[in-house]
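Trainee: I've got a new model open and I'd like to learn how to read it. Could you walk me through it?

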Amino acid sequence: MTALSAPGFPERAIRARARNGTAEVFPDPATYGTQLYGPGTATAADELDRARIVPPVFMPQRLEKLIDLAREPEFTDVDLGTRVGGFTARLPLYLSAFGSTRAGSGDLAVHASRQAARLGIPMVIGENMIPVHGYRRAGDATRSALLARVEAYLDAAPDGAGGIVVQQSTEDADSEVWNLLYSDPAFRPLLETGRLAFELKTGQGAKPGLGGMTVVDRAEAEQLARRFTVRKVLDPDGARQLRCATPGTFTDEILRQQLRFMRNNFPKARTWVKFHPGRDIAHAARTAWSAGADAVTVDGAEGGTGWAPGVFLDHVGLPLAACLRRIGRPDGCLLAAGGMWEGGRAVRALALGATAVGLGRAALVAVDEDPEHGLERLADSIALELRLLISALGKYSVGALDPEDLWWPDGHAPLPAATDPVGATP
């Protein structure tokens with residue numbers, strides 16, 4: 001089997017973390033005593049990475065912690081536990097949706113599910129899993145791809161931590177995905193423990209304004225043409241064809257009605273909504289929170305894993321930093337995804353108001369490197385960096401982070417939340 005590749009992403013560093021875990025947080029220990037250390041030469045990939053994390057000199061919260069502990073606080077005293085969309089998470093991380101792509105639907109996704117469960121973090125299962133792969137209940141001879149991931153997660157999940165989130169898009173709604181899952185006995189343990197959520201997907205960072213896309217062969221194209229748009233734009237002979245899902249149509253009122261429907265029809269499931277990085281993201285996020293969403297996921301333009309036109313990957317959608325700055329202080333649980341793989345980027349997003357950050361491409365690459373423990377080692381390295389950074393800021397919980405912990409090279413501060421009808425900012 002050919003290993004996954006992730007062009008433009010720090011794949012080599014992620015694979016090293018998947019192999020070596022927390023050791024990769026530091027320089028090579030073999031160079032200790034023979035090498036002088038200073039800033040690296042790597043250039044920041046985007047605006048979020050260019051922001052500096054700036055500890056103060058005076059740290060009143062460290063004094064409070066010292067008094068509480070009756071000793072000097074250490075980085076190990078930082079509490080990384082948090083509430084993510086109604087779930088208890090041991091780390092401010094979640095496993096992002098992989099969708100119905102080939103890379104995200106097979107054994108790698110099952111291994112990722114099992115490791116996410118052991119970490120005690122929520123897992124999102126992406127759109128179109130049932131319309132593309134079908135649905136077979138637990139007693140059937142062959143498990144569906146979705147149920148395989150759910151069972152792997154449940155087998156490894158610790159008591160009281162984590163949760164499973166299932167996305168639904170237009171085609172999923174046609175297949176009544178949420179109705180199937182809500183009535184399936186296999187999901188009863190999740191409902192009874194309050195660890196199931198449904199996520200309304202309105203868009204994604206890799207291709208804002210478009211629905212999901214995958215490459216299918218001729219036989220798959222014939223089978224899927226009943227549910228999806230399939231076009232011969234990749235190969236004149238049709239050996240490889242493009243399967244396209246529809247993104248759905250939303251106004252603020254349609255979104256409010258959809259979320260009310262979810263809350264009324266599935267009262268035991270948490271209600272999440274995912275947005276692409278649109279220019280009116282502040283208005284969209286506040287509309288969702290006001291309608292009762294337990295979590296709002298913002299997928300920045302740096303987001304990936306899914307098949308997308310190159311022009312969208314390079315030129316469409318707001319960067320994650322701009323999305324977070326437009327939203328400002330969130331009204332509820334805000335989740336951020338897009339280019340996450342190490343603790344510095346995660347801390348910046350958390351300081352800008354995110355409750356947790358999502359691992360997508362990084363998680364798949366880590367599991368591809370080591371199917372048994374790669375994601376766990378990657379998460380361990382991120383957790384160590386988070387504790388070191390948060391402690392250096394004189395703080396001891398994720399929720400204590402604040403925009404003041406960042407300095408921007410161009411001198412700008414995070415923009416205030418927009419108040420006009422479409423959420424525009426000056």
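Mentor: Let's begin with a definition: contact, or touching, means heavy atoms within 4.5 Å. This is a predicted model, where local features need pLDDT of at least 70 and side-chain atom pairs count only at pLDDT 80 or more, while totals for chains, interfaces and linings use all residues. Residues are numbered from 1 along each chain as its sequence is written, and side-chain values use heavy atoms, with hydrogens and water left out.

Trainee: Which residues does F187 touch, not counting residues up to four places away in sequence?

Mentor: Find F187 in the loop between α8 (177–183) and α9 (188–192). Helices (H or I, at least four residues) and strands (E, at least two) are DSSP runs, numbered from the N terminus. The C-alpha atoms of F187 and V150 are separated by 8.4 Å, although the two are 37 residues apart along the chain. Leaving out residues up to four places away, F187 touches Y135, L146, L147, V150, L181 and L196.

Trainee: Is F187 buried or exposed?

Mentor: Buried means under 20% relative accessible area, exposed over 50%, and partly exposed in between (1.4 Å probe, protein chains only). F187 has 0% relative accessibility, so F187 counts as buried.

Trainee: And T271, is that one buried or exposed?

Mentor: T271 sits in strand β11 (residues 270–275). Beyond four places in sequence, T271 touches F198, L259, M262, R263, A293, D294 and A295. Its relative accessibility is 3%, so T271 counts as buried.

Trainee: What about A70: buried or exposed?

Mentor: Look in the loop between α3 (60–69) and β2 (82–84) for A70. Most residues other than glycine have a negative phi. A70 is not a glycine, yet has a positive phi of about 65°. With a relative accessible area of 71%, A70 is exposed.

Trainee: How many of the 9 residues of α16 are buried?

Mentor: The buried ones are A362, A363, L364, V365, A366, V367 and D368. Their cover includes α1 (11–20), β4 (93–95), α4 (107–119), β14 (356–359) and α17. That leaves α16 largely enclosed by the rest of the structure, and the count of buried residues is 7 of the 9.

Trainee: At roughly what angle do the axes of α16 and α17 cross?

Mentor: Axes are lines fitted to C-alpha atoms, for helices over the stretch in contact, and angles run from 0 to 180 degrees between N-to-C directions. In the contact, A362, A363, A366 and V367 in α16 meet G374, L375 and L378 in α17. By class, that contact has 6 nonpolar, 1 polar and no charged residues (Ala, Val, Leu, Ile, Met, Phe, Trp, Tyr, Cys and Pro count as nonpolar, Asp, Glu, Lys and Arg as charged, and the others, Gly among them, as polar). The axes of α16 (residues 361–369) and α17 (residues 374–392) come within 7 Å and cross at roughly 125°.

Trainee: Last one: what share of the residues of the whole protein count as buried?

Mentor: The protein has 17 helices and 15 strands. Among its contacts with a separation of 6 or more, 74% come from residues 24 or more positions apart. Of the 426 residues, the share that count as buried is 54%.
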